[in-house]
Structures are given as C-alpha cells and as structure tokens.
Amino acid sequence: MNLKALLFDVDGTLAESEDIHREAFNAAFREFGVSWHWDRAIYREILPIGRGRERIRHYVERSDPETAQRPDFYGYVDAMYNAKRRAYAEMLADRGVWVRPGVWRLLNECRDAGMRLAICSAASEYSLRQVFENGLGMDVFDWFEVVGHGDLVSASKPAPDIYSWVLGEMALPPQACLAIEDSPQGLRSSLAAGVAAVVSVSKYFEGEDFPGAVAVVSNLGEPDRPFELLSGDARGRRYIDLDLLRTWHADAYAAGGTDDVQKVT
C-alpha cells in the first residue's frame with residue numbers, strides 16, 4: 001500500500017518547545033510560593049508522563065509527600081497547572097518557539113504534493129493551539145486535516161489511543177501511514193497502533209534507544225544542513241523529503257505488513 005498520510009507529533013518533533021513547557025511549570029511553582037524547581041535533568045525524568053497535571057502529581061507525590069496529603073491536593077494541582085498554561089501562552093507570545101530544521105520545508109512539500117497530514121500529540125488542545133498560533137504563527141486546523149490531542153483520549157502515550165483515534169478519523173489503515181516522532185514513548189505509541197515511525201530525536205531524548213523505528217535522525221535536515229543518520233538506511237540522502245519518506249514507508253511494510261510493525265512495542 002502506498003503512503004497516504006503523515007502523522008506528526010508536535011512538542012519536540014515540529015518545535016523544540018519542551019524547555020518552554022519546563023520554564024512555564026517553574027513559573028507556576030513560583031506563583032504558588034513553593035520551592036520546587038525542575039531543571040533539565042528532572043524534566044527529562046518526568047517527560048515520559050504524558051500530561052501536565054500528572055507530571056505535577058507524580059513529582060509532588062515523590063518529592064513533597066506532605067503536600068500530596070492535602071485534602072484539596074487534586075484541586076491544588078489543577079490550579080497550579082492552569083497557572084502553568086497561562087505562563088506557557090505568555091512565553092510563546094513573547095518569544096515564539098524554535099522550529100526544528102527541515103520542518104517548514106517538509107510541511108510545504110507535503111502540502112504542495114497533496115499528502116494528507118495529521119497531528120498525533122499527547123498535549124492538550126489548549127497547548128497545541130498556543131504553540132501553533134503564538135509560537136509558530138499558523139492555524140493548526142488549516143495545515144492539518146485531523147488534529148489529535150490528549151483531551152480526546154483516556155490514555156496518553158505510550159498507549160496507542162491517540163494514533164488509533166486519528167486513524168479512525170482519517171478512515172485509513174495503519175499501513176497507509178507513517179509517523180514522525182521524537183521520543184521513545186511516542187515511538188511506542190505509534191508502533192502499538194501499527195503505524196511505522198521515523199524518529200527525529202529532540203534534545204531531551206538524545207542518547208535514547210528507539211527499537212523498531214524505520215530510521216532515527218538528529219533532525220529532518222536541510223539541503224545545506226544535513227541530518228545525522230543515527231540508524232536506518234537514508235539511501236545516501238542528506239535531508240528528509242517526501243520521496244525518502246515514501247521509501248522508508250515501503251521498507252517498513254515490505255516484510256510482513258502491519259503485523260511486523262505491531263510486534264515491536
């Protein structure tokens with residue numbers, strides 16, 4: 001089956017937005033007068049927890065058990081998370097966000113070629129709108145046919161739920177699609193849904209293993225700024241374009257179709 005759609009993660013994949021998320025969490029902690037501070041090492045440890053509220057709860061339950069015993073703990077965390085969301089929106093509006101190499105080039109090429117595009121993100125709809133509108137200066141619903149976000153499913157990545165939801169909305173089988181991810185949990189999510197994936201490693205996941213990926217690269221690359229190929233066969237190419245993605249998609253399903261992809265979870 002030919003490649004019919006590309007399914008993109010957002011944070012870390014299209015834009016290096018995770019540090020802005022981290023800074024927004026820290027701003028919320030300051031607003032609430034607590035001494036917690038997430039440096040990059042701490043944030044890397046909790047990034048596999050897909051949702052912001054759950055990240056705060058996880059951290060507090062292990063680092064400040066007295067606060068976790070508050071009778072209003074869940075409401076307290078919700079209020080803190082809402083403060084984080086406001087801080088995130090303000091930071092994006094003030095400074096924008098760094099789009100990763102090759103993203104604009106590839107999205108424009110796909111759009112010109114009529115390739116179907118979708119978002120498969122663990123982030124909330126609010127966060128997605130902020131990063132696209134305030135950070136990237138674009139309407140996510142204009143560029144992407146289907147926008148899958150964390151508010152739509154009960155289980156976050158690495159569960160397959162968001163990929164399964166997007167596939168249903170697009171009325172496509174997994175073997176017609178290819179995912180672009182940046183993290184181990186994102187890769188596991190796509191593979192669990194039967195969708196082959198290419199990994200463009202974000203800075204928070206450098207040095208991680210990505211078993212089952214079709215290819216792993218440092219970024220999508222540009223003609224004058226080639227990617228570093230970390231695993232896979234790039235056929236001598238220096239940057240990812242639609243032709244290479246079609247080749248990788250064919251490679252991923254050549255041996256045994258969707259079943260071979262699903263086994264690597």
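Which residues lie nearest the centre of the largest pocket?

## Basis of the model

This is a predicted model, in which local features need pLDDT of at least 70 and side-chain atom pairs count only at pLDDT 80 or more, while totals for chains, interfaces and linings use all residues. Residues are numbered from 1 along each chain as its sequence is written, and side-chain values use heavy atoms, with hydrogens and water left out.

## The largest pocket

G50, R51, R55, A122 and A123 lie nearest the centre of the largest pocket, which is lined by 31 residues. A pocket is an open set of points on a 1 Å grid over the protein atoms alone where a 1.4 Å probe fits, with protein on both sides within 12 Å along at least five of seven lines; lining residues have an atom within 4 Å of a point. The volume is about 430 Å³, taken as the space filled by probe spheres set on the points.

Helices α1, α3 and α5 (73–95) are the elements that give two or more residues to this lining; helices are DSSP runs of H or I with at least four residues, and strands are runs of E with at least two. The most comes from α3, with four residues. By class, the lining has nine nonpolar, nine polar and 13 charged residues; Ala, Val, Leu, Ile, Met, Phe, Trp, Tyr, Cys and Pro count as nonpolar, Asp, Glu, Lys and Arg as charged, and the others, Gly among them, as polar.

## Helix packing

The axes of α1 (residues 18–31) and α3 (residues 52–63) come within 12 Å and cross at roughly 60°. Axes are lines fitted to C-alpha atoms over the stretch in contact, and angles run from 0 to 180 degrees between N-to-C directions. The two helices α1 and α3 are therefore oblique to each other; angles under 35 degrees count as roughly parallel, over 145 as roughly antiparallel, 65 to 115 as roughly perpendicular and the rest as oblique. In their contact (heavy atoms within 4.5 Å), E18, F25 and F29 of α1 meet G52, R55 and I56 of α3. This contact has three nonpolar, one polar and two charged residues.

Helices α6 (residues 103–113) and α11 (residues 242–254) have axes that come within 10 Å and cross at roughly 80°, and are therefore roughly perpendicular. L106, E109, C110 and A113 of α6 make the contact with L242, D243 and L245 of α11.

## Backbone features

The peptide bond from K157 to P158 is cis, with omega near 15°. P158 is placed in the loop between β3 (146–148) and α9 (161–170).
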